[in-house]
There are 2 protein chains.
Amino acid sequence: MNKEQLLKYREEAYQHLTKELLPFWETRCVDEVNGGFITHFDNNGNDSGEDEKSLIAQTRTVFTFSSAHRAGYGEGRYAAIAKHGVNFLVNKMWDVENGGFYWLMDRKGNVRIDEKIVYGLSFAIYSLSEYTLATGDPIGLEYAEKTFNLLQVHGADTHYGGYFEMFTRTWELKGPGSAGGDRKTLDAHMHLMEAFTTLFEASGQQVHRRKLEEIIQLLINKIMHPVYSTGIPQFLADWSVAPQIKFDIIWGWDRFSEDGLKSSAEDNTSYGHNVEFAWLLMHALDIAKIPYDDYNTQLLKSFNHAIDHGIDWEFGGVYVEGSHAGEVYDREKEFWQQAEVLIGMLDAYRIYGDEKYLKAYDSTHRFVFEKMIHHEVGEWLPLLTRQGEPIWTHMSHSWKVNYHSVRSMVQSIVRLDKLVKTG
Amino acid sequence: MNKEQLLKYREEAYQHLTKELLPFWETRCVDEVNGGFITHFDNNGNDSGEDEKSLIAQTRTVFTFSSAHRAGYGEGRYAAIAKHGVNFLVNKMWDVENGGFYWLMDRKGNVRIDEKIVYGLSFAIYSLSEYTLATGDPIGLEYAEKTFNLLQVHGADTHYGGYFEMFTRTWELKGPGSAGGDRKTLDAHMHLMEAFTTLFEASGQQVHRRKLEEIIQLLINKIMHPVYSTGIPQFLADWSVAPQIKFDIIWGWDRFSEDGLKSSAEDNTSYGHNVEFAWLLMHALDIAKIPYDDYNTQLLKSFNHAIDHGIDWEFGGVYVEGSHAGEVYDREKEFWQQAEVLIGMLDAYRIYGDEKYLKAYDSTHRFVFEKMIHHEVGEWLPLLTRQGEPIWTHMSHSWKVNYHSVRSMVQSIVRLDKLVKTG
């Protein structure tokens, strides 16, 4: 390990975070007129005008400013911005009658999609818990717990375990197929693990730790591939693998054909998702004070699948997705996988010490800083070709915002500091 | 089918219910001094003085008077008695701070065991829902739903499905072994099915129907024996069969040796419990408007195991328990198995039409009316020898009270009336 090199990564990350990323958001996202956050910006960083406020973008922005404040940035200004976002969540997005947060509003705060979507609710639990941890203001944890309780009552499948994910405004389970009522996903369950971790960190309640332990077991024993320990995207209620379909309610840009099917609908895994899962699992174990012993096999498989198949050693960065056995299907470079691989590879290197993880970090760091970050404006480009040419160029959208990019920098700096200290 | 015989059963049941059973309880159970109910009576029907009010006895007495009122008995007096019991539950037994009902109090209403025990909570949900169905007073359903919600949040096992059953006052899961925190039981899950049925009947809410469907599947697919479809009493969290042990908190008189183990700890089933499960399942399907088609195999196996091995065709009545394959271990006659077999065999005869079920009803009816009912006083003896000699002679105790005997008569009359009408 080259300490100088680590310090250089750290300095680049710190400069990007404090001079580009956080200022990008601080100077343009607060909606002083209607409350909450503006979250749609074009390549120049100008408001691109989409008239929507999504649960994901609002909660993630609360997380971003809360976590930045907790990590010591912003001298109090970020706590105030987070509070501004919490007010909108509690006063506008919360369904007073039925409980839970709506999925989508217009900028003024009129409800546009009133459904209760677990993916979004997981970010409400995560962000509101982080807000209380960062500021001490109890209202965050109060609404995180309300959301957690509603999820347990309405979402848990007490037959097969895990959670159903798509509900109407009044918490009736939606229908099957593209409505999603019969499906369980890696995505929602992984983000619930992340959410329960921070909820337990904020509350200290045994029930939150217990549900965290349960969902960790579910992820490892049901959701990860029995041979490769890589993430399988979609399941039916009984945990049989479901062909990956496009839902009516989406939160990303997964590639589907016209009929809503994927080309490799039953043999598909995301390198970035697997690495994200691994470092989130390590963090969950840390918070719950559980030793890694029983989890090393899973963790190493998650990291090594990306090392062996996902990292682009030629052009840098990590590919989008491929088969569980290793064949790469999609060599484009999406923003969020890069962000998660940065954190995850530092964790892998820190714990397991193999230089290959640091090389993977370096490869991804170089690609992000040289190709993906739009330094003049401050945020990351959402999608590049394998070689690093822009495909999509906007700076933010409901499904992009700031959670991956800011968290990646905040958490990478924490990990680089640890490495420098122990190195 | 002999209509005259059916009318004779009906008349005997009606006379016992209205002249003996209900008057027994109406004249002595209301505690005007401390609220709630006195539930301990000796063989003469005198208060035997035990200084305890158990969650089971209080809720079951609320159920008894509510259901008797709903079935048309008591001209309003039983609704008032039920209300008296609900007041004690809500004002004394409810844990305002942590939610949920305490397990045991003294007569004055001081908490003696403050734990949250799912078996007892299932009767709270059941009884309070029945109370609202009977009277229209919304407070019953309000507390039934509160209890249901707490059970979902704290009790559900989101990894393996089903419910954990033993919690501290603050809803921390108790330890393993005799503390019961690592066990799942047929008993609690069956009574949750019963409770969710009546909760859904009262609320009409989809979530209550959904949890009812889930627990039905659990009972059939995990809790019933894979070959014999008979009930297995105890499991570990992952639904592997657990040797039957005695818990620190008990609600019955199961026979255990000194060291808290059963003689046939891993091959033991109760005929009466299996028949009770079958008729409760039929009732659940009726309330949820689910056809019996997919459940006939289970239902017939439950009834026929008792017919083939449990009914005492010589002395009448049903034995206590035996092996799944059929060997009888315990030929004594306990009150509650007789009560449930009466209802169940009438249901089996009504649906499947085989005279053997009516013969089993007749055999049990005769035994109950000639040997078990203490007609001079009004209630049933708790335990007799195979031949019908009294072993235990008290009329009521925390684990006996009135739920089995009164429900057996109320529900048998409903079924006999149907048979007479269609016969």
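Guide: In this predicted model, chain B and chain A bury about 2200 Å² between them, and 50% of that area lies on carbon and sulfur atoms. Three residues stand out on the chain B side: B:Val153, B:Thr158 and B:His159 supply 33% of the area that chain B buries against chain A, more than any other three residues. Counting contacts, 26 residues of chain B touch 26 residues of chain A.

Which helices of chain B each supply at least two residues of the side that touches chain A? They are α5, covering 139–155, and α7, covering 206–223. Of the elements on that side, α7(B) gives the most, with 8 residues.

Polar contacts do occur: 12 residue pairs are in polar contact between chain B and chain A, counting pairs with both residues at pLDDT 80 or more.

Salt bridges are found elsewhere, though, and a search of the whole structure gives 54 of them over all chains. Side chains of opposite charge can pair when their charged atoms come close. One salt bridge joins the side chains of A:Glu26 and A:Arg77, at 2.6 Å from N to O. A:Glu26 lies in helix α1 (residues 3–26) of chain A and A:Arg77 in helix α3 (residues 77–93) of chain A, so this pair ties together parts that are 51 residues apart in sequence.

Back at the meeting place, how do the two chains relate to each other? Two copies of a chain are related by a rotation about an axis and a shift along it. Here, a rotation of 180 degrees with 0.0 Å of shift along its axis superposes chain B on chain A, with an RMSD of 0.0 Å. This is the relation of a two-fold axis. If you want to find the axis on the model, look for B:Gly161: its C-alpha is 2.3 Å from the rotation axis, and of the residues of chain B this one comes closest. The same surface serves both copies, as 100% of the contact residues of chain B recur in chain A.

While you have the chains in view, let us look at a sheet in each. In chain B, 3 strands form an open antiparallel sheet in the order β1-β2-β3. β1 (53–54) and β3 (111–113) of chain B stand at the edges with a single partner strand each, so one side of each has no neighbour in the sheet. Strand β2 (residues 104–105) of chain B pairs with β3(B) over 2 bridges, in the antiparallel sense, and B:Leu104 stands opposite B:Ile113 in β3(B).

In chain A, another open sheet holds 3 strands in the order β10-β11-β12, again with antiparallel pairing. Its edge strands are β10 (333–334) and β12 (390–392) of chain A, each pairing on one side only. Between β10(A) and strand β11 (residues 383–384) of chain A there are 2 bridges, and A:Glu334 stands opposite A:Leu383 in β11(A).

Conventions
Residues numbered from 1 in each chain as written. Chains lettered and ligands numbered in written order. Predicted model: local features only at pLDDT ≥ 70, side-chain atom pairs only at ≥ 80, totals over all residues. Heavy atoms only, no water. Contact = heavy atoms within 4.5 Å. Buried area = accessible area lost by both parts, 1.4 Å probe. Polar contact = N/O pair within 3.5 Å; in protein donor to acceptor, adjacent residues only side chain to side chain. Helix = DSSP H or I, 4+ residues; strand = E, 2+ residues; numbered from the N terminus. Pairing = 2+ DSSP bridges. Least-squares fit on C-alpha atoms with pLDDT ≥ 70 in both. Salt bridge = Lys/Arg side-chain N within 4 Å of Asp/Glu carboxyl O.
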